[in-house]
Amino acid sequence: MSRGDRVNAPEPCLACDIVSSARPAPGGLLLREGGLVLHAFAGATPLRGWLVLTSERHARAWYDLGPSELASLGPLAARVMNAQRQALGAEHVYAFAIGDALRHFHLHLVPRYPDTPERLRGRGAFDPRPEDALSEEEAVAAVRAVTAYLAGLSPARSP
Ligand SMILES: [Zn+2]
């Protein structure tokens, strides 16, 4: 696909708006590499450091990514997950690529912590209660910690 596909897209695309910075993600765009952009989840979340890898191109889904994007995706996702574990103390990181609502490739990288309640684990991460939401300060601080770790600026968090 080309940029022209974006122009002909029937509806505005949230992911295109995020990668072009037309709509700022909390903490900004964290990394741009191999045709992919790393940014924080754009909605309210109860889970510190919920990040999203989005294709720069308006690709419908994983199966529409090109060879270079596909080659970047695995190593980059693993690096980000490792940073979420080391910089934030996540015990596990989920990867979700659902793509029903937003039809532009994006991979959710969702940390799970030792104290994450059962109802927010797994698919439950997408169904928080309003009172679960982190403050913007907490959310941005977590994103900055992961970014600093990825940039090699901060040591691993002690267990
Ligand atoms: Zn798009």
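Two strands count as paired if DSSP finds at least two bridges between them. With that rule in hand, look at S4 and S5: 5 bridges join them, and they run antiparallel. What you have here is a predicted model, where local features need pLDDT of at least 70 and side-chain atom pairs count only at pLDDT 80 or more, while totals for chains, interfaces and linings use all residues. Residues are numbered from 1 along each chain as its sequence is written. Helices (H or I, at least four residues) and strands (E, at least two) are DSSP runs, numbered from the N terminus.

**The sheet**
- Five strands make an open sheet: its 5 strands follow the order S1-S2-S3-S5-S4, with antiparallel pairing.
- S1 and strand S4 (92–96) sit at the edges with a single partner strand each, so one side of each has no neighbour in the sheet.
- S1 and S2 are antiparallel partners over 4 bridges, and Arg32 has Val37 in S2 as its bridge partner.
- S3 and S5 also pair in the antiparallel sense over 4 bridges, with Val52 standing opposite His108 in S5.

- H3 lies across S1, S2, S3, S4 and S5, and runs at about 20° to S5.
- H4 packs on the sheet too, touching S1, S2 and S3, and its direction makes about 35° with that of S1.
- The axes of H3 and H4 come within 9 Å and cross at roughly 115°.
- Residues are in contact if their C-beta atoms, placed from the backbone, lie within 7 Å. The H3 side of the contact includes Arg79, Ala83 and Gln84, and the H4 side includes Ala142, Val146 and Tyr149.

**Buried and exposed**
- A residue is buried if 20 or more other C-beta atoms lie within 10 Å of its own, exposed if 12 or fewer, and partly exposed in between; C-beta atoms are placed from the backbone.
- Trp50, in the loop between S2 and S3, counts as buried because it has 24 C-beta neighbours inside 10 Å.
- Not counting residues up to four places away in sequence, Trp50 touches Ala40, Phe41, Thr45, His108, Val110 and Pro111.
- Trp50 and Gln84 are 34 residues apart in sequence, yet 8.7 Å apart in space, C-alpha to C-alpha.
- Of the 7 residues of S5, 5 are buried, so S5 is largely enclosed by the rest of the structure.
- Ser21, in the loop between helix H2 (14–19) and strand S1 (29–33), counts as exposed because it has 12 C-beta neighbours inside 10 Å.
- Ser21 also has a phi near 70°, a positive value in a residue other than glycine.

**The core**
- A nonpolar core is a set of buried Ala, Val, Leu, Ile, Met, Phe, Trp, Tyr and Cys residues joined through C-beta atoms within 7 Å.
- The largest such core has 36 residues, and those with the most contacts inside it are Ala40, Leu51, Leu53, Val80, Leu109 and Val146.
- Elements giving two or more residues to this core include strand S3 (51–55), helix H3 (67–88) and helix H4 (136–150), and H4 gives the most, with 7 residues.
- Val146 touches Gly49, Leu51, Ala83, Gln84, Ala87 and Leu88, again not counting residues up to four places away in sequence.

How values were computed
Two residues are in contact if their C-beta atoms, placed from the backbone, lie within 7 Å. Axes are lines fitted to C-alpha atoms, for helices over the stretch in contact, and angles run from 0 to 180 degrees between N-to-C directions.
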